Amino acid sequence: MSGPGPSAPAGLGEFGRIERYLRPLAAGFPGALGLNDDAALVDVPLGHQLVVTTDAMVAGVHFLPSDPPADIAHKLLAVNLSDLAAKGATPLAYSLVTGLPKDTPDSWLAAFAAGLGEGQARWGIHLAGGDSVSTAGPMNLTISALGLVPTGRMVRRAGARPGDLVFVSGCIGDGVLGLMLALGTLERPDSVGGGDYLLSRLRRPEPRLPLAPVLLAHASAAADVSDGLVADVGHIASASGVRVVIDSATVPVSDPALGLLAEWPGLLAEMLTGGDDYEVVFTAPADHRNAILAAAASAGVPVTAIGRVEVGEGVSVLDRAGQPLSLGKSGWQHF
Ligand SMILES: Nc1ncnc2c1ncn2[C@@H]1O[C@H](COP(=O)(O)OP(=O)(O)O)[C@@H](O)[C@H]1O
Ligand SMILES: Cc1ncc(C[n+]2csc(CCOP(=O)(O)OP(=O)(O)O)c2C)c(N)n1
Ligand SMILES: [Mg+2]
Ligand SMILES: [Mg+2]
Ligand SMILES: [Mg+2]
């Protein structure tokens with residue numbers, strides 16, 4: 001049809017890009033139909049429900065335009081799989097929308113697709129379909145991820161009950177410290193490798209998928225921590241109609257973050273509210289505590305008890321002396 005001519009694109013063009021970079025990512029998912037149809041087909045095994053989640057990432061808002069394309073791909077998949085993990089779901093497939101500025105070279109998409117391929121292999125998920133558009137604005141990348149849960153078992157934000165304990169995976173605050181390093185608003189920590197660790201936690205978060213079965217077995221409510229620990233605990237509190245009390249001294253913090261905190265104690269408020277953690281916060285009956293810690297340890301995910309659920313509403317964060325900390329904000333908001 002359209003041969004090379006004055007209006008032909010300099011690179012592979014829309015369909016050339018799909019064929020070269022995206023079709024290989026769909027090879028492992030028969031329902032993707034080789035990215036050759038109007039839509040994809042998804043089989044849901046008997047006794048299971050489909051869990052659907054969508055997160056977008058926008059240049060200048062969620063990542064820096066200069067970030068390596070493979071890191072952007074890793075994070076885009078990871079933030080979506082983090083929501084699936086928090087719901088107790090097992091990843092199945094994803095749909096991708098690339099909104100790229102017109103001057104984005106083929107080489108950028110090649111590196112981005114390579115990053116997606118690495119993530120697919122790591123997390124056992126395949127591309128099912130999507131859309132490719134150009135944009136007059138900043139780069140905009142969106143994934144909708146599909147996962148499976150046994151019917152009726154998705155772990156919701158609603159379900160926390162007074163008397164439950166609050167648990168969190170991993171460490172909190174690395175992401176926002178990594179962002180401050182990337183933006184140059186924080187000095188690199190003295191610890192060898194500490195700065196690289198914090199930047200990798202920002203750019204390459206690890207979705208807590210191995211925690212999903214532990215959540216299915218024990219959690220009364222759960223959310224992933226994207227906006228900030230206090231904000232996301234607040235989502236559980238309001239959905240569940242309860243009050244949550246967090247003991248800030250028990251919130252797990254990495255060694256590089258501890259080093260920075262020793263010098264600038266004021267960073268604690270940022271760490272509790274800054275977001276970009278992609279850890280899972282969940283509630284469970286207090287008598288499940290030992291079973292949860294043992295199951296999480298077997299799954300290779302560190303989990304720590306950080307607070308309790310009470311009658312009431314909202315979130316209180318207490319300092320070492322049991323006094324309320326005033327944090328200023330609870331988390332990231334787009335508007
Ligand atoms: N543009 C939208 N259209 C439909 N639903 C949306 C939209 N934006 C957010 N939501 C819904 O609002 C809820 C909160 O969204 P969000 O805070 O982005 O969740 P998360 O932090 O887990 O990614 C979710 O149930 C999400 O599906
Ligand atoms: C360049 C840049 N600026 C700021 C941030 C911090 N940041 C941007 S959005 C966000 C919250 C999470 O994003 P959102 O779109 O709210 O994800 P969701 O809660 O829907 O999963 C954070 C912490 C960042 N990661 N990169
Ligand atoms: Mg979202
Ligand atoms: Mg999310
Ligand atoms: Mg979430």
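The shell around ligand 2 consists of 6 nonpolar, 4 polar and 3 charged residues (Ala, Val, Leu, Ile, Met, Phe, Trp, Tyr, Cys and Pro count as nonpolar, Asp, Glu, Lys and Arg as charged, and the others, Gly among them, as polar). This is a predicted model, in which local features need pLDDT of at least 70 and side-chain atom pairs count only at pLDDT 80 or more, while totals for chains, interfaces and linings use all residues. Residues are numbered from 1 along each chain as its sequence is written, and chains are lettered from A and ligands numbered from 1 in the order in which they are written.

**Ligand 2**
- Among the 13 residues around ligand 2, those that come nearest are Asp-55, Ser-226, Gly-275, Asp-276 and Trp-332 (near: C-beta atom, placed from the backbone, within 6 Å).
- Ligand 2 lies between domain 1 (13-150) and domain 2 (165-318), because both give residues to its shell (the bounds come from an automatic or database domain assignment).

**The two domains**
- The C-alpha centres of domain 1 and domain 2 are 26 Å apart.
- Their contact takes 17 residues from domain 1 and 18 residues from domain 2 (contact: C-beta atoms, placed from the backbone, within 7 Å).
- On the side of domain 1 that touches domain 2, helix H2 (69-86) and strand E2 (90-101) each supply at least two residues (helices, H or I, of at least four residues and strands, E, of at least two are DSSP runs, numbered from the N terminus).
- H2 gives the most to that side, with 10 residues.

How values were computed:
Contact = placed C-beta atoms within 7 Å.
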